[in-house]
Each structure stands twice: as structure tokens, then as C-alpha cells.
Amino acid sequence: MLVVMVIGGIAIWAGVTFLFLHAARHRREAWPAEKAGALIAWGGVAFPTVVLLLLLGYAVWLMPAIRPWNPLAEKDGAIEVTGEQFWWRIRYPAVGDQPAFETANEIRLPVGRPATFSLKATDVIHSFWIPALGGKMDMIPGRTNYLTLTPTRTGSYRAPCAEFCGASHAYMAFSVIVMEEDDYNAWRRRLINGQASAADEGGQLLQRHGCVACHSLRGLQIAGQTAPDLTLIGARLSIGAGALANTPENIARFIRSPSSVKPGAKMPAFNMLPEDDIEEIARYLGGLK
């Protein structure tokens, strides 16, 4: 699509530049009004209008939601993505005998298969955009928009929020990992089953210090609903919705003072906890893979 748009833009630029040079060159006699009017009408109005309409038609033709001969995936099977200040809640639908499950700040997709996203927002307008896959769609509170994308090659891609949403807008991004089908299915099974254990010291500390009042982590008895799901957080590429690389040191830093990493973050600082507890929680979460 980019190549077509560039070619169209060059054509308009070349046409307008030609008209300008043609009109500016020296002549012994003035042009008749009829000839000048025809030149303006055809070269300055008709030509760019036709080119722009062709580009618009091409862009509309590429939009899956408008092309009736390119059926969308069932909306019931859409991946639900909800923008919140300042992170992404992601819910995968049930598939066969596998139940639905929730994760955060990272989307994994099988290569070559169309993926439909159900896009929502809880607080302000956000914008869902995966530049490497194409497509951009606003996420508006009280409304659900749908977008279908088809990843064609494996790899890891960064996806920023494309609509200013507050103090940490620049630190609100998610990772997109496109995988082979078998690897994707294996990842789904791991995430559904989870690996957290309440018997581990880190799991006990999460419950003792009230982390599970907001966060959920499969394997623990209490599951919060107001903050990102932490299941297999150690396998994610980043923490804090792209704010920091995923290392135990950065997890500990985020626990101590989230607002120093993400201004406006709703998670309170836990720098009052014993340093050994913070480091143990960070080590525990970093090991959930």
C-alpha cells in the first residue's frame, strides 16, 4: 500500500510542478482566458482529484471490514484488547476444549492466520496500532471496534498507543510476537495452565503484601481484576507496558516506585517493604516462564 500511495503522491507532485513551470515561463503574448481556464481545470483540479479518488478507492478496498468477499473471523472468536491508563488488558477467547484466559501487555499470534481484535477502552481514548502488521483503530470508552490483521512472518514487533492518553502515553506499548502454529499452541497451553505456586516464598509474599488484591496470577487463590495479569510475566519481553526491559532488577525497581518509571501509574509505591521481600518477589515473578 505504501508503494501505491508514494507513486500517487509523486504523480500529483509532478503534475502540479509541471503546471507551475509551464505557467511561469516567459511568453511574448498572454494566454487566452479560455486556454488558461482549461489548463487549471484539467491539470489543477481534475488530475489530482482523479488520482486522489483512485488512492482512496484502493485504501478502502484494502480494508477487510468493507470487503464483503474477504470474510472476517467470527467476532465471537476475537481477541479482546482493552486500553487502560497505562497498560493493555488482553483476553483470548476459548478455543475447543481450551478455556478463555487473560494476559497483559503482550499479544502472541500464529503466523499466516487472520486475527480479529475486539477493541475497547475503560477510561480515555486509546489507539491500537501494530505498525509492522498495518492497521490502526481508535479504542473509545463505551464502544467496541473490530480490526482484522494477518501476520505474514514470524518475529517480535513493538506496538505503541497511537492516541495521546495521559502522562505516560509514551510508555504505553505492547509487544506482538508472531509464532509458528505449533509454538503458539504450546504457549497457549502453558499460559492456561500457569506455573505459579502459592507454596513458593515469592507467592506467599505476593499474598501477604496485598499484591493479589489488584493483580491476578493463576495458581494463587486470590485473583485481582484491576491490574495486569502476572501469569508467566517472566516470559514477556518487557514490563510496565514496554517501559522497562524484563529483568528481576527492573521488576524490583517498578515495585519500589512505579510512578518514577511511569508518571500517573495507579499502582502505589511499595518502597516501604523490606528490601529482601522486594527482591524475592522480583525473582519469583521473573522466573514465571
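Predicted model: local features only at pLDDT ≥ 70, side-chain atom pairs only at ≥ 80, totals over all residues.

Residues are numbered from 1 along each chain as its sequence is written, and side-chain values use heavy atoms, with hydrogens and water left out.

**Stop 1: helix 3**

Select residues 181-193, which form helix 3. Helices (H or I, at least four residues) and strands (E, at least two) are DSSP runs, numbered from the N terminus. The expected span of a helix is 1.5 Å times one less than its number of residues.

Next, display the side chains of Tyr184, Trp187, Arg188, Leu191 and Ile192, the buried residues of helix 3. They lie on the same side of helix 3, because they cover an arc of only 130 degrees around the axis. The arc is that of the directions from the helix axis to the C-beta atoms. Buried means under 20% relative accessible area, exposed over 50%, and partly exposed in between (1.4 Å probe, protein chains only). On the face turned away from the buried side, find the exposed residues Asp182 and Asn193.

Which strands do the buried residues of helix 3 pack against? They are strand 2 (87-92), strand 3 (101-104), strand 4 (106-110) and strand 10 (173-179). After helix 3 comes Gly194, with a positive phi near 70 degrees.

**Stop 2: Asp229**

Move to the loop between helix 4 (201-208) and strand 11 (238-239), where Asp229 is found. Asp229 counts as buried, at 2% relative accessibility. Leaving aside neighbours within four places in sequence, Asp229 is in contact (heavy atoms within 4.5 Å) with residues including Glu102, Thr103, Ser216 and Arg236. The side chains of Asp229 and Ser216 are joined by a polar contact of 2.7 Å. A polar contact is a pair of N or O atoms within 3.5 Å; within protein, one must be able to donate a hydrogen and the other to accept it, and residues adjacent in sequence count only if both atoms are side-chain atoms.

**Stop 3: aromatic rings**

The whole structure holds 7 aromatic pairs. Select Tyr92 and Phe101, a stacked pair with 4.9 Å centre to centre and 10 degrees between the planes. Rings of Phe, Tyr and Trp (its six-membered ring) pair if their centres lie within 6.5 Å; planes under 30 degrees apart count as stacked, over 60 as edge-to-face and the rest as tilted. Both Tyr92 and Phe101 are buried.

Then select Phe117 and Phe128, whose ring centres are 5.0 Å apart with planes at 45 degrees, so the pair is tilted. Phe117 belongs to strand 5 (residues 115-121) and Phe128 to strand 6 (residues 126-129).

**Stop 4: backbone features**

Finally, select Gln85 and Phe86, which are joined by a cis peptide bond with omega about -5 degrees. Phe86 lies in the loop between strand 1 (79-84) and strand 2. In the loop between strand 3 and strand 4, find Asn105, a residue other than glycine with a positive phi near 65 degrees. Asn105 is buried, with a relative accessible area of 10%.
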